[in-house]
Amino acid sequence: MSQRSPTFDASLHQPVPLWRDVRVLTLVAQIIFAVLVVSVGIALLNNMLTALRSAGITPNADFLQRTAGFELLEGPAFSREDTFADAFRVAVVNTLRVVSVGLVLTTILGVVIGIARLSSNWLVRHIALVYIEALQNTPLLVQLYFIYLGVFLALPNLRDGPIELPGPVYLSNRGLVTPGVVFTETASIWFLYVIVGLVAASFVWYARTRAAERAGHPPTGRLAPAVATVAVLAAVGWLAVGAPPITFSLPVPDMRELPTGEVVVRRVEGGDTLTPEFSALLLGLVIYTAAFIAEVVRAGVQAVPYGQIEAARAQGFSYFQTLQLIVLPQALRIIIPPLGNQYLNLAKNSSLAIAIGFPDVFSVSNTIANQSGQSVTMLLPHHGELPHDEPDDLRRDQLHQPADADQGAVRMSDRYVYVETAPPEARKPPATEVGALGWMRKNLFGTWYDALLTLVFAFLIVYAAVGLLNWVVGAANWDVVVNNLRLFGSGRYPADQVGRVTAVTLIVTALSGLAWGLWGRMSRVTQILWGTGLVMLLIAPAFASLFPIPPIYAAPTAGTSSPLAPLIFVGGENQSLHLTFTPVTRETETPKGFIGGASRTAWGEYTRTALEPEQADDLTATVWIAEASAPDRPLVTLTVTSGGEAESAEITLPAASWYVIQSAVEGASGAAWLKIEGVPPMRSSTSAQAEYEQVYGPPPATIDGERPHRLDIAWLRFVGTRNLSDFVAVVVGPFAAEVNRLALVVSLVVVVSYWVGMAAGRINEKLSRRLAVAAWLVSFPVTMLILRGLDGSEALPVVGTDRWGGLLLTLVLAVVGIVAAFPIGVLAALGRRSRLPAVRIICTFYIEFVRGVPLVTVIWAANVMVPLMEPRLASVDSVIRAMVGMTLFTGAYLAEVVRGGLQAIPRGQEEAARALGMNAVVMTVLIVLPQALRAVIPAIAGLFIALFKDTSLVVIIGLLELLGIARTVISQPEYVGTQREAFVFIAVIYFVFSYAMSSASRRLEASGAGAARKL
């Protein structure tokens, strides 16, 4: 049978038209994309250059040769006559000093904390955990402000006497003075001996290692001979050069005697001085970065198979030998890549030096830009080393990982089997092996060094806890928090529009409770803690009223420019007051209790400008209390004279009304204290004032033509050391009274929405979750509309973003950054993995360029360059510009996180999707992205937490978010010296929100939405 040859059908092999050719379409798409990106970039660059030329500024480097005109007090010698280039070199040296020393110290501290996190001692392990959680969940900038303002600048000054430590080391608010090292002329020759010693020590190390390998035992005993080699050659060189190559300069206080006979320290001569700015920046960077390095070390150590440790113990290795020879060498392969990222973060975070006045690269560049107008040119040096991915190194490390988790473990042989002929007699375990004693022996006193660590750390914990409690209850001035809760909450948002902020809070709270009910469950422990806290908050004002209120003092003072204005307060019917009017001398100490601002000013002025002690005071002071509606009819009058006796009176108020305290002072000098007992300080919030007016009527605007002061906690200040009853009555009660109503409403909304979510989930879980997601998406524009308002609307008048502040602005910046950065990050990650070269190159450039720049630089660039690139955006306020910068920065980091998740998806998933006929878009949206995002939930949550903390950086451009409000509040005269209290309060707020976000991510990861499949 003959076989026919196939015939050629020309109709089946027609060329594909160009408009349908995939190769042509992809090429055209790349060209269009590249042209659009380049066109937009050229347009923005042209606008920026045009704006600079119109301002008479030409971007170049010629300005660096101009005279600086400012001084730098840190680093190499620099004067006002030096150039901008010299200033920049000094800034580079300062930055390198901080970064180089910081890298060494933070590595040591991070490794120690990471090893302590894995300690078998329960106390040491949990102390390390508290350290890590506390520092990771609070912003670095807040920590820097606390260390600089609350620690270093709060140290005693030289006049009062510096703190002398062994060394000798002198610590004051001017810095830390330590013994200095001075190199003589023979130092260079001696260093040659040291270098030869190091080379010889390396040969000794190598020889000992090879000898141990040939003998077949671990290479131990290498360190001591190597160190001895270096020491011997260094000692020989020291003797050979003749004169000592190194000498020490010890600090010596320069004492001065005042005319009064008092001897004070004028300065400390000699030694090396570490300024407060350098010390605060270095300490802040070290302790903050060490918390992250500790987690990197812990993860690397835990990645080593436990069988390796068991095998080492079976070979007789000690704990430290196992750690040094077995665990750390293997863990280093895992630790080094993320450790490099933390080193980069430390270097970039050094740009926060501008916040405390340390002249680093960013700070000096900012100053040069302000002096020269070359803000665009000075942005270029801020780009640090770009982070690089090292897939080859990672694959090489994976080759050395054991193929099986049990590889290297010691296995018991099954060659011999021993069988018990009869069961052993049942016996009770020893008392020291079970119960509380057994737990303590296992977790706290297992070995002699465990017992020593337990005793040392227990002492330190008790000592620190007692000191902290004494400070919180007795010494801290929490008026800065209680009196400014509204400022911390909403900043300069208009007081009559704060209800809109409350409405937004309730909307977000309701949606959060709904999501909690749909995707999670409220544990019994959470319910108990929440209920207990709410009950305590509600009963706190009533409980605080059981404790005596500290007295209020007013100081009628003669011979000052601050006369005491009338004071008004509210009093109830039959309320009893006890008054004591006492003349005082210049030696009288300020009493303990509430003192008004005017009284403090008058008393301070009187004591500063008082006449000679031997000259008698001339004072006649009278005070009287009357109803504000009839100030000329006093209920009681007290009069004292210099050298006279104190007068007291008991008064019962006739009605619920406003009352006024007035005073009249005659004489050239003198002062008296009026002590008022039985009058609780009035609350100063808007809601509290409305309550007072509803019960007692409107307060008088003037008394005899003078504007009176209210005896409220916004004007009064507690002076002296509190005891526990004072703390409850003065701090706990007023604070709870301010927040308990909002806390009750929020709790009710959360509980109701939580149960609604649970009920909806039982009815139709899939539909309910989709509706909840839609509600969250709709709530974003709705809440923004409520907060901003509508043009021309009376119900919702416009409140510009420049009036937003406090926690409100912090949350808005974080939410906008998260919502806007998420699609940018996903698209950039997909673009970086695209097969289209133009798309891949542009996305890679965006990601790597932004990741190599500190966030503070990005925010500053957005604030400076956005108006230059687009003149029509010049009217956009700083809040929107900060949002743009934070969004672009977070999007770049998120892109790398998402790219890591995309690379973790097996290629079989994509092949199966293509086999089912899915195109690239459908496959990416329905198959690849859901799995990739689920795999990187912890990393995404960590990035969002970092964004929430980094909102504190906008204070650099003058925005009054939570940290900015705190700085504004403590700059008020009545709150001078309250830096620690303000920063501790906002640090607690940051910690609560960050820890809540972290807990939510862990629950999401463990739930069906985020759990990876168990193999």
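This is a predicted model: local features need pLDDT of at least 70, side-chain atom pairs count only at pLDDT 80 or more; totals for chains, interfaces and linings use all residues.

Analyst: Residues are numbered from 1 along each chain as its sequence is written, and side-chain values use heavy atoms, with hydrogens and water left out.

User: How far apart are the end C-alpha atoms of helix α16?

Analyst: Helices (H or I, at least four residues) are DSSP runs, numbered from the N terminus. The expected span is 1.5 Å times one less than the number of residues. Helix α16 covers residues 498-519, 22 residues, so it should span 32 Å. The model agrees: the end C-alpha atoms are apart by 32 Å.

User: Which helices do the buried residues of α16 pack against?

Analyst: Buried means under 20% relative accessible area, exposed over 50%, partly exposed in between (1.4 Å probe, protein chains only). The buried residues of α16 include Arg500, Val504, Leu511 and Leu518. Contact means heavy atoms within 4.5 Å. The buried residues of α16 pack against α15 (485-490), α20 (724-788) and α21 (806-832).

User: How many salt bridges does the count come to?

Analyst: A salt bridge is a side-chain nitrogen of Lys or Arg within 4 Å of a carboxyl oxygen of Asp or Glu. By this rule, the count is 11.

User: Glu295 forms a salt bridge with which residue?

Analyst: The closest N and O atoms of this pair are 3.0 Å apart. Glu295 counts as partly exposed because its relative accessibility is 22%. Both partners lie in helix α7 (residues 276-302), 3 residues apart, about one turn of the helix. The partner of Glu295 is Arg298.

User: Why does Asp479 count as buried?

Analyst: Asp479 meets Arg722 in a salt bridge, 3.8 Å from N to O. This pair links distant parts of the chain, with Asp479 in helix α14 (residues 479-482) and Arg722 in the loop between β19 (716-719; strands are DSSP runs of E, at least two residues) and α20, 243 residues apart. Arg722 is buried, with a relative accessible area of 6%. Asp479 counts as buried because its relative accessibility is 4%.

User: Which residues join Arg832 in one network?

Analyst: The side chains of Arg832 and Glu848 meet in a salt bridge, 2.9 Å from N to O. Arg832 lies in helix α21 and Glu848 in helix α22 (residues 837-851), 16 residues apart. Both Arg832 and Glu848 are buried. Through salt bridges that share partners, Arg832 is joined in one network with Glu848, Glu896 and Arg899.
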